[in-house]
Each structure stands twice: as C-alpha cells, then as structure tokens.
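Subject: Structure handover and notes

Dear colleague,

I am handing over the structure below, and my notes on it follow. Please read them with the coordinates open beside you.

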Amino acid sequence: MNKKKVVKSVCGLCTGSCGVLITLEGGRPVKIKGDPECFLNRGALCKKAVTSIEILDHPERLKTPLRRAGQRGGGKWEKISWDEAFRLAAEAFNRVKDESGPESVFMVHGSAKAFIDTDLVRLANAFGTPNVVTADHVCHVPRMLGAEFTFGYFPLPEVDHPPASIMAWGVDHSETRFYKYRAWMDAKKRGMKLIVIDPVRNRTAEAADLWLQLRPGTDLALALGMIHVVVNESLHDRAFVEKWTTGFERLRDHVQAFTPERVSEITWVPGEKIIEAARLYGRSSPSYIEYGNAIDHNLHSFQTGRALSILLAVAGNLDIPGGGIELCGTGFRFGDTESSAVGILGRWSAELELRDMVSKEMRQKKVDPGLLPDFRYVTPQTVTKAILEGKPYPLRAAFVQAANPLSSWCDALRVSEALKKLDFLAVSDLFITPTAALADIVFPAASCLEFDGIQMPPPPGSFIAQIQRKVAQVGECRSDIEIINGLAGHLGLGEFFWDSAEGFWDYVLGPTGLNFKEFRKKGRIVADRDAMTYRKYEKRGFKTPSGKVELYSERLAALGFSPLPEYREPPATALSAPETAGIYPLICTSRKAAAYRHSTGRQIRPMRKGYPDPIIKMHPNMAEELGIESGDWVVIETGRGSIKQKARVSSRVDPRVVLADYGWWFPENEKEEMYGWKGSNYNVLTEGNLPGSPEVGSNNIRGFACRVYKVRKKLRD
C-alpha cells in the first residue's frame with residue numbers, strides 16, 4: 001500500500017506565489033490544494049494552479065535536450081545529451097562573440113520571473129552583452145518608473161488598513177489575483193468604495209460603486225481630467241501639497257486644458273462621471289489607486305504611471321495607513337531570527353546581476369539606447385529590427401528562457417522572419433512552442449514541482465519569501481537555474497556561477513545569515529507587521545533629487561523627456577489617422593483571461609475543455625450590423641495582417657470596441673505547421689514600427705483600429 005505524504009510548497013505557475021499542499025503517494029504527486037495557512041490565498045487556488053500535475057505528466061513534455069534535424073519549424077528533432085547541448089550552444093554563442101562582439105548575442109526572459117530572471121541577466125552580463133529582452137516595457141516597469149520619478153518608490157496597498165476607497169485602474173483581480181479580489185469584496189462589505197476604470201464590464205466593474213468605461217488607450221487623458229477636477233475643486237491635500245511637493249502651479253496650469261468636456265470627447269466617458277469619480281476619490285481618505293497592467297500597453301505607459309502617481313500624491317495618500325505605502329519601512333523576521341528584507345532584495349539587483357561587468361560604453365551600444373537610463377533592457381521591436389535590417393548592428397544569436405516571442409512580441413510576422421534569420425537560437429521551455437519550433441537547440445526545463453527554490457509574492461504580504469519544494473522529476477528536465485549554471489560553465493564563465501542550484505540560493509540568502517538548507521527547514525521569511533512605520537518622508541524626505549514629490553520633473557526635462565504627463569492620440573485610430581476610419585472603424589483591445597497565463601496552457605486538458613477557442617467579444621448592436629452571431633468564426637484585420645477568432649456576442653463591451661484573445665496557438669495542430677501559430681495570434685495585428693513610449697519603448701498593443709467580418713467558409717475548429 002502506497003504511503004501518503006503532504007508537502008507544503010508554493011505554486012510557481014505565475015507570480016502570485018500561492019501556498020499549496022501537495023499530496024504524494026508512492027513518492028509521486030497526486031493532488032494539489034491550497035494551503036489554508038498561506039496569508040495570500042488562504043486555502044483557495046485558481047484554475048491554473050490545480051493543473052500542475054497535469055502539466056507534470058503531460059505526454060508532450062520535453063524530457064531530454066533536442067537538436068534540430070532538418071529545416072527550422074519542420075518538427076524534426078534528435079535527442080542529445082546535456083553535455084552536447086551545452087557544448088553546441090556555447091560554441092555558437094562564443095563564435096558569434098568572437099566574430100561580431102558580445103552585443104551580437106541577445107538573451108530573452110519571459111515567465112520564469114523573480115530570481116530566475118535575475119540569474120539570466122547575470123549570465124548576459126558575464127557574457128558581455130547589453131542586449132537583454134524582457135516584457136518590462138509592457139509589464140509593471142512603466143508604472144514603477146513613473147512612480148519612482150514622481151516620489152521615489154512604487155506605492156503598495158496597506159493590507160492591514162483597508163482604504164476608504166480604491167480606484168482600480170486597468171486591473172481585474174477577479175481574473176488575475178483572486179485573493180486580492182476577495183479582499184476587496186470583504187472591504188466593500190465594511191464600507192469601502194470601489195471605483196473601476198476599464199473598457200470592459202468585468203466582475204470587478206460589476207461590483208463597483210462607480211464604473212468608468214473608457215476608450216482603450218486613453219487612460220492618460222482620463223487621469224489628467226481627474227487631476228483637473230481635484231485641483232480646481234480644491235479636493236487636494238493643501239497642507240501636504242504645500243510642504244511636500246514641487247511644481248504644483250505648473251501642474252495646475254497644465255491640466256486646465258483637460259476639462260471634463262474635452263476629456264469626455266477623447267475617452268467616451270461622460271463628463272459628469274469623470275467629475276463624480278474625481279470627487280469620490282478626492283473626498284475619501286485614505287484612498288489608494290491600484291494601477292494595473294493595462295496602462296502599460298500603449299505609448300503613454302510611463303506618463304500614465306506618472307499621472308496616477310500625481311493623483312495619488314496630491315490627495316495626500318502617500319505612505320499612510322490605507323494609502324500607497326513604501327515597503328522599506330516594514331520589519332521582517334525569519335522565524336525567531338531578525339532578517340533584512342532590504343538585504344535580500346538588494347541581492348535581486350546590481351550585485352546578483354553582475355551589472356559592473358558590462359562597461360558604460362558597452363551599455364550605450366544597446367540596440368535602443370534612447371530610452372530612460374533607468375530602463376536597462378531592450379525592447380522586442382528594436383531587436384526584431386536589428387536582426388532584419390542590421391541596424392544599429394546585426395543581432396545573430398539568442399538564448400530564450402521561458403518565453404514565446406512568436407506569440408508575445410508585437411508584429412508577429414516580422415518576429416517570425418527575424419527568428420528564422422538568426423545564425424543560432426537556443427530555447428529553454430517545458431514544451432515545444434512555436435518559438436521553440438524554430439530553435440537549433442532546446443533545453444527541457446523543469447516545472448515548478450520539479451525544483452527547489454524561493455518564491456517571492458507580490459508585496460506587501462505576510463510572507464515575503466516562501467520555499468518551493470521539489471516533489472517530482474520528469475526525464476532529464478532541469479531547473480532554469482541549473483540550465484544557466486551549465487551553459488555558463490561551457491561558455492567559460494563558470495567562476496561567476498555555481499555547481500548547483502543550492503549554491504545560487506545560498507548566495508541569494510546571504511544577507512539573512514542563513515543558507516538554503518536552513519531556509520528549507522523554516523519555510524518562509526515573514527513580515528513583522530508591528531514594525532511597520534508610516535510617513536517615513538517626514539524624517540528623511542522623498543527619494544527624489546528635491547526630497548519632495550516632483551509633480552513637475554526637472555530630472556525628466558534634463559533628460560529630454562516631458563516633465564509633465566502629455567497626452568497624444570494613439571497611432572492608427574480614427575482621430576490620429578482619419579483617412580483610415582472608414583476602413584478600420586472599430587477599436588481592438590485585449591485582456592488577461594483566468595484560464596491561461598499568456599501563451600501557456602493550451603495543451604492542458606482541463607483548461608482547454610473550459611476555454612477551447614480564442615474568443616472575440618463584440619456588442620450585440622455591432623454583431624447584428626455585421627451579421628455575426630455567437631459561435632461564428634470571424635476575421636479581425638488591421639493594416640498589419642488578419643487573424644480568425646470565434647465570436648461571442650456580449651454587452652460587456654462598447655459597440656465601438658472588440659475584445660480579442662491573445663497568446664493563442666494550437667498545440668494539437670501538425671508540428672510541420674508550427675502549431676497554427678499565425679491563425680489566431682493577436683500579435684499578428686499589432687504594429688512594432690509606430691512611435692511608442694519615448695521613455696520605455698512600450699507600443700500600442702491595446703486600443704488600435706481594426707475591422708471585423710464573418711468568415712465565409714467553414715473552419716476546422
């Protein structure tokens with residue numbers, strides 16, 4: 001009879017880091033459920049987390065290194081050893097380095113996240129290339145930098161002191177952070193007001209006291225309109241503004257042009273609703289603004305982050321209970337041992353990344369050097385251009401870790417051309433994805449059940465770091481850290497890495513005074529909530545050059561960027577390109593769905609059964625006008641290309657807007673067809689060459705013009 005055992009661990013399928021209990025029978029995981037002792041999820045789990053075992057045992061899992069045997073994308077592979085895979089990859093990378101310089105090799109990280117991403121950046125720096133591609137330009141970093149340029153830190157919600165109101169801007173936690181959604185609903189029962197800014201009437205919007213349905217891509221205009229109301233109606237915190245901000249008069253003059261009437265014309269939000277939302281926010285104290293991923297997805301990403309940070313600041317909602325707190329004031333402990341969270345997070349940055357190994361001169365050779373100096377990485381669109389056009393110089397080889405650029409990078413058709421043109425491509429993943437299908441070498445990566453590690457959930461929470469425990473082994477799969485260690489050794493860079501993953505984790509934990517073995521026994525580093533301090537700026541000012549909140553940023557002006565948030569009409573819309581309005585009359589946007597994480601999971605049966613097809617939602621009035629019914633396959637077309645998705649008629653969207661799925665490919669399709677990567681791929685529609693954010697390079701991937709029409713011939717589902 002097989003003996004049962006329950007192991008406490010953490011889910012690593014996304015950045016949520018929910019606690020899990022894994023039941024083992026005969027040494028194999030057979031069941032996963034939520035850990036009721038975990039502060040974040042308190043025993044609940046999302047749909048994705050419960051499929052971890054299905055991922056582990058999936059018949060299409062990669063189990064051994066592969067070498068391409070035939071043309072790229074042809075689906076022919078040869079199994080090889082780890083040593084040979086590392087040797088072939090290292091020889092290719094070093095050959096390109098010797099012939100064209102280290103900058104001609106670029107590295108890509110995707111969904112692995114946290115310290116695993118940092119280790120890949122360490123490899124890039126040790127190798128000498130300044131070209132690391134991330135999703136940072138469209139994921140969190142624009143908001144983070146916008147806040148840091150305004151008051152020196154990224155604000156976080158104070159979970160122990162629910163605010164009087166929350167403004168949820170471009171975020172739907174009912175789909176992406178279920179435990180936050182649950183906490184919000186609990187707080188609403190106790191009287192908290194909820195304002196939602198979203199083009200779609202989602203579950204969070206349905207629960208809101210006030211919902212503003214804006215035109216996708218116009219968030220900055222709406223934020224400036226709200227600031228206009230707050231300052232003109234004296235809803236701001238005068239004492240805080242006078243003592244702790246600079247540039248208020250310039251800000252007030254700047255927003256006079258953004259009257260509710262004008263902003264209504266831009267955003268489609270009725271002027272009276274703009275006023276109502278600004279008043280509800282301004283008159284609530286304390287208040288918090290949760291600005292989500294959606295605002296990162298257009299050319300205003302950084303400046304929208306700035307505008308929302310300004311809105312948070314002028315109302316006096318910085319670093320107060322229930323407001324946007326600065327995390328560094330939290331105390332931390334490790335069991336009975338005092339620990340420095342600042343120390344462990346410090347290892348997450350310059351020291352762990354070996355930033356000093358790439359000279360300032362080499363940093364300036366990045367393929368897109370014109371962005372903010374605080375933005376250290378390069379964007380996919382500039383990498384694609386460098387490969388295809390050789391500007392500013394050719395990129396010839398790449399290592400891709402936990403990413404699927406063919407699905408996730410804009411202008412996917414050009415991305416395909418670029419990847420095919422590379423001299424050499426190595427990919428680390430759990431499955432053969434469309435991107436991996438183009439690789440020369442594929443490394444089989446371990447899932448979150450197959451390696452020991454440390455997961456850090458989105459702060460601030462009770463758990464700052466939790467143990468992720470290995471409970472299974474599939475074939476010859478290795479963790480991403482083990483893969484990086486092995487590749488580094490064959491590149492001749494072994495002195496900067498470790499013989500085992502445990503050595504890496506020992507290094508990360510160094511500031512705590514503990515090693516990884518000791519951490520495994522304790523299980524977590526937790527926050528000491530009693531040690532939390534507020535209004536830290538009163539003792540040492542804000543972490544800005546002036547020591548104050550910089551509503552007008554002299555630093556941005558000196559760098560050649562707009563010192564105040566300036567709204568520009570997004571490209572390729574009826575207002576910016578009126579000549580195309582008759583051709584592309586609809587606005588296309590997208591969102592995250594609970595069933596999948598980006599482009600992953602389409603081969604996992606429980607997920608696919610519940611969400612089998614790529615869906616485009618459209619309003620009943622528009623569907624009737626176009627002769628479309630729910631279940632029809634339709635074409636979505638832009639100037640870049642066209643794709644097909646299945647229609648779902650829904651009043652949750654504006655009649656002028658369509659909501660399309662992204663991240664779709666079809667693992668069940670023939671390998672030789674590269675799994676139908678083009679057919680429903682949202683990024684076939686997006687443009688990489690239009691002007692994006694001058695500060696961080698984000699491009700317009702939500703809120704562009706399109707047209708939709710019914711497919712005239714029968715499609716194979």
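The buried residues of helix α2 are W82, A85, F86, L88, A89, A90, A92, F93 and V96, where buried means under 20% relative accessible area, exposed over 50% and partly exposed in between, with a 1.4 Å probe and protein chains only. Helices (H or I, at least four residues) and strands (E, at least two) are DSSP runs, numbered from the N terminus. Before going further, please note that this is a predicted model, in which local features need pLDDT of at least 70 and side-chain atom pairs count only at pLDDT 80 or more, while totals for chains, interfaces and linings use all residues. Residues are numbered from 1 along each chain as its sequence is written, and side-chain values use heavy atoms, with hydrogens and water left out.

Helix α2 has 19 residues and reaches 27 Å from its first C-alpha to its last, close to the 27 Å expected at 1.5 Å a residue; the expected span is 1.5 Å times one less than the number of residues. Just after α2, G101 takes a positive phi of about 95°.

The largest nonpolar core has 90 residues, and those with the most contacts inside it are F93, L123, L372, F399 and F443. A nonpolar core here is a set of buried Ala, Val, Leu, Ile, Met, Phe, Trp, Tyr and Cys residues joined through side-chain atoms within 4.5 Å. Helix α2 (residues 82-100) gives this core its largest share, nine residues. Leaving aside residues up to four places away in sequence, F399 touches F93, F106, M107, V108, L120, L123, A426, S428, F443, I483 and L487, a contact being heavy atoms within 4.5 Å. Apart from that core lies another, of 74 residues, among them I195, V231, A277 and L318.

Helix α13 (residues 301-314) can be treated in a similar way: its 14 residues should span 20 Å at 1.5 Å a residue, and its end C-alpha atoms are 20 Å apart, which agrees. Since 14 of the 14 residues of α13 are buried, the helix is largely enclosed by the rest of the structure. Just after α13, G316 takes a positive phi of about 75°.

Turning to the rings, the structure holds 27 aromatic pairs; rings of Phe, Tyr and Trp (its six-membered ring) pair if their centres lie within 6.5 Å, with planes under 30 degrees apart counting as stacked, over 60 as edge-to-face and the rest as tilted. The rings of F178 and Y179 have centres 5.6 Å apart and planes at 75°, so this pair is edge-to-face, and Y179 is buried, with a relative accessible area of 9%. By contrast, the rings of Y611 and W664 have centres 6.4 Å apart and planes at 40°, so that pair is tilted. Y611 is buried, and so is W664. One aromatic cluster is formed by F115, F497, W498, F504, W505, Y507, F516 and F519.

Two arginines also lie over ring faces: R262 over F258, at 4.7 Å from the ring centre, and R555 over F149, at 4.1 Å from the ring centre. The criterion is that NZ of Lys or CZ of Arg is within 6 Å of the ring centre and within 35 degrees of the ring normal.

Some backbone features may also be worth a look. A cis peptide bond joins S285 and P286, with omega about -5°, and P286 is found in the loop between α12 (271-282) and β13 (287-291). Another cis peptide bond joins K391 and P392, with omega about 0°, and P392 is in the loop between α17 (380-389) and β17 (397-401). Phi is positive, near 55°, in H598, which at 35% relative accessibility counts as partly exposed. Phi of Y675 is likewise positive, near 60°; Y675 is in the loop between β28 and β29 and, at 7% relative accessibility, counts as buried.

With best regards
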